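Trainee: Can we go through this model together before the meeting? I have a few quick questions.

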Amino acid sequence: QTISIAKAGITTVLNSRTSVLAAANPPSGRYDDLKTAQDNIDLQTTILSRFDLIFIVKDIRMYSQDKIIASHIIKVHASADAVSGDPRVPKEENWLKRYIEYCRANCHPRLSESAATRLQHNYVQIRQDMRQQANESGEAAAVPITVRQLEAIIRLSESLAKMRLSHVATEDHVLEAIRLFTVSTMDAAKSGINQQVNLTGEMAQAETQIKRRIGIGN
């Protein structure tokens, strides 16, 4: 892929040679379930649309989950001194690295005809659902569903096929890619108060008036 840069009078196109994994905190330091995803993420839609998958990770206070996390962190620190020698694995013994290199070098899958048809149908359905949500809520989605998201699902489908050393991305790969896209980016786009409360027309008008009169963070 490539990245277009237009800054300070400089316009150029650079090759993207690596994947980008980014993490960020909400403006208030904690995710606010009463705010929309756009308010919590606080990034321009032009930036968000460039990510293939967007996950919202919340620190939910649960006794069982907190106990597991605490136990894991304690074990990591307790066994830190027990690790001796060079932890790096020789290339000949690193099967996972060799497997990934083989996949990249020998597998270049493309969508099958049935997979392309299923992908087209699901993309149109996703666009229709997001349009309906925008009409009901009166607000555009935090993450716009455009052709970039369609290309992201295609990349995910081909990557899933490549992991299985398949030269064809089948309908099953497309369905799994759509599932990943749904539980990440789609859930992020739909999150917020409108997901928890079905606002009537009067409630939406009241909410708008309250937002106008109360400062952010109050």
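**Cysteines, hairpin and core**

Mentor: Start with the cysteines: the sulfur of Cys107 lies 5.4 Å from the closest cysteine sulfur, in Cys103, which is too far for a bond. A disulfide here is a pair of cysteine sulfur atoms within 2.5 Å. This is a predicted model, where local features need pLDDT of at least 70 and side-chain atom pairs count only at pLDDT 80 or more, while totals for chains, interfaces and linings use all residues. Residues are numbered from 1 along each chain as its sequence is written, and side-chain values use heavy atoms, with hydrogens and water left out.

Trainee: Is Cys107 buried or exposed?

Mentor: Cys107 is buried, at a relative accessible area of 2%. Cys103 is buried too, at 6%. Buried means under 20% relative accessible area, exposed over 50%, and partly exposed in between, using a 1.4 Å probe and protein chains only.

Trainee: New topic. In what sense do strand 1 and strand 2 pair?

Mentor: Antiparallel, over six bridges, with strand 1 at residues 2-7. Two strands pair if DSSP finds at least two bridges between them. Helices (H or I, at least four residues) and strands (E, at least two) are DSSP runs, numbered from the N terminus.

Trainee: Which residue in strand 2 stands opposite Ile5?

Mentor: Thr12. The hairpin has two residues between the strands, and Ala8 takes a positive phi near 55° there.

Trainee: And how many residues of strand 2 are buried?

Mentor: Zero of its six, residues 10-15, so the strand is hardly covered by the definition I gave.

Trainee: What about Ala24, buried or exposed?

Mentor: Ala24 counts as exposed because its relative accessibility is 70%. Its place is in the loop between strand 2 and helix 1 (37-41). Ala24 and Ile41 are 17 residues apart in sequence and 8.1 Å apart in space, C-alpha to C-alpha.

Trainee: Which residues touch the most other members of the largest nonpolar core?

Mentor: Ile126, Met130, Ile145, Ile153, Phe181 and Met186, out of 19 residues. Helix 5 (113-137), helix 6 (147-163) and helix 7 (171-190) each supply at least two residues, and helix 7 gives the largest share, seven. A nonpolar core is a set of buried Ala, Val, Leu, Ile, Met, Phe, Trp, Tyr and Cys residues joined through side-chain atoms within 4.5 Å.

Trainee: What does Ile145 touch?

Mentor: Tyr123, Ile126, Arg127, Met130, Phe181 and Met186, not counting residues up to four places away in sequence. Contact means heavy atoms within 4.5 Å.
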